[in-house]
Amino acid sequence: MQRKKLFNVDGDDTLINRRMIKGNVTNLFNLNNVKYQWANKLYRLMMENFWIPEKVSLFDDKRAYNELTPAEQNAYDGILSFLVFLDSIQTNNLPNISDYITAPEVNLILAIQTYQEAVHSQSYAYIIESIIPAEKRAYIYDRWRDDKVLLERNKYIAEIYQDFVDERNDKNFARVLMANYLLEGVYFYNGFNFFYNLSARSLMVGTADEIKYINRDELTHCVIFANIIKEIRAENTTFFSEDEIYEMFAKAVEQEINWSNHIIGDQVLGITPESIEKYTKFIANKRLKDIGMKPMYDGFDENP
């Protein structure tokens with residue numbers, strides 16, 4: 001793939017010739033002249049969603065953390081570790097994607113997404129500093145070194161991203177877009193539910209409030225990449241391999257279920273291996289439908 005120029009003097013900004021990828025635009029932001037109207041709407045929504053991590057009080061959570069069972073503390077720490085990875089890699093990799101998107105209105109919202117991912121990383125740092133005992137903080141960041149399940153999760157997405165950095169071709173870019181969509185659309189959600197579960201029992205309420213802001217952002221990120229994928233599929237029907245999409249979804253669901261059972265299992269009140277499987281497969285089906293594809297898990301059409 002050819003990386004777009006910062007300023008293309010030979011570009012054509014007419015809407016009829018605009019493409020999501022492999023287009024030929026000047027790369028100037030004329031936001032009064034956009035093809036993908038959904039990007040304009042998302043831009044305004046994402047700007048309205050501005051928030052600052054430190055505005056959420058975590059004062060009571062420090063006490064509540066000590067009231068968690070050992071299994072709940074382990075899940076709390078481990079899920080935080082995974083979330084740190086997810087938003088770190090997103091902040092670093094989104095510019096690699098934006099370099100090949102040839103719709104300025106979409107580049108604009110990808111820039112906002114990159115900023116939001118950085119805010120999420122700051123949120124996790126704020127949570128860790130405010131709640132986690134000092135002697136455990138470094139381990140939150142380094143847990144992947146000792147936890148083989150966590151390491152495999154991190155490596156799967158990181159290696160797909162790295163493949164495109166090393167070899168920038170159509171196949172690797174298609175995989176990067178799908179991996180990004182899976183990260184935003186599947187990988188966060190059992191972890192988020194764990195925090196909401198604690199909050200429903202009046203535990204770690206401040207953390208759950210912080211996660212709600214992050215969750216709200218991540219839902220808009222899902223919409224961004226669902227739309228990018230749908231537009232590319234409409235403009236270039238052979239760019240994505242449907243077989244590979246289903247293969248990547250199956251791998252993501254398998255890893256999400258294995259990780260959630262590993263870190264939560266049946267040791268946390270209100271969460272079971274059965275509920276984890278049902279919710280993960282429901283989410284996967286929903287994400288597939290959102291990009292115009294058939295669900296892959298029969299009987300998982302309702303949020304359990």
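How many cavities of 30 Å³ or more does a search of the whole structure find?

Modeller: Bear in mind that this is a predicted model. The search turns up two cavities of that size. Let's start with the largest cavity, which holds about 50 Å³ of space. It is lined by 13 residues, and Asn190, Gly191, Glu256, Trp259 and Ser260 are the closest to its centre. Sorted by class, the lining comes out as eight nonpolar, three polar and two charged residues.

Now the second largest cavity, with about 40 Å³ of space. Around it you'll find Ala174, Arg175, Met178, Phe240, Ser241, Glu244, Ile245 and Met248. Here α7 (170–187) and α10 are the elements that give two or more residues. Five of the lining residues are nonpolar, one is polar and two are charged.

Helix α10 (residues 242–263) packs against helix α11 (residues 273–290) at an angle of about 155°, and the axes are 10 Å apart. That angle is over 145, so α10 counts as roughly antiparallel to α11. Their crossing is right-handed. On the α10 side, the contact includes Ile245, Glu256 and Ser260, while α11 brings in residues including Pro273, Ile276 and Leu288. The contact residues divide into nine nonpolar, three polar and four charged. Some names come back here: Ile245 also lines the second largest cavity, and Glu256 and Ser260 are among the residues closest to the centre of the largest one.

Conventions. Residues numbered from 1 in each chain as written. Predicted model: local features only at pLDDT ≥ 70, side-chain atom pairs only at ≥ 80, totals over all residues. Heavy atoms only, no water. Axes fitted to C-alpha atoms, helices over the stretch in contact; angles between N-to-C directions. Helix = DSSP H or I, 4+ residues; strand = E, 2+ residues; numbered from the N terminus. Parallel < 35°, antiparallel > 145°, perpendicular 65-115°, else oblique. Left-handed = near helix turned anticlockwise from the far one by under 90°. Contact = heavy atoms within 4.5 Å. Nonpolar A, V, L, I, M, F, W, Y, C, P; charged D, E, K, R; others polar. 1 Å grid on protein atoms, 1.4 Å probe; cavity = no way out; pocket = protein on both sides within 12 Å on 5 of 7 lines; lining within 4 Å. Points joined across faces, edges and corners; volume = space filled by probe spheres on them.
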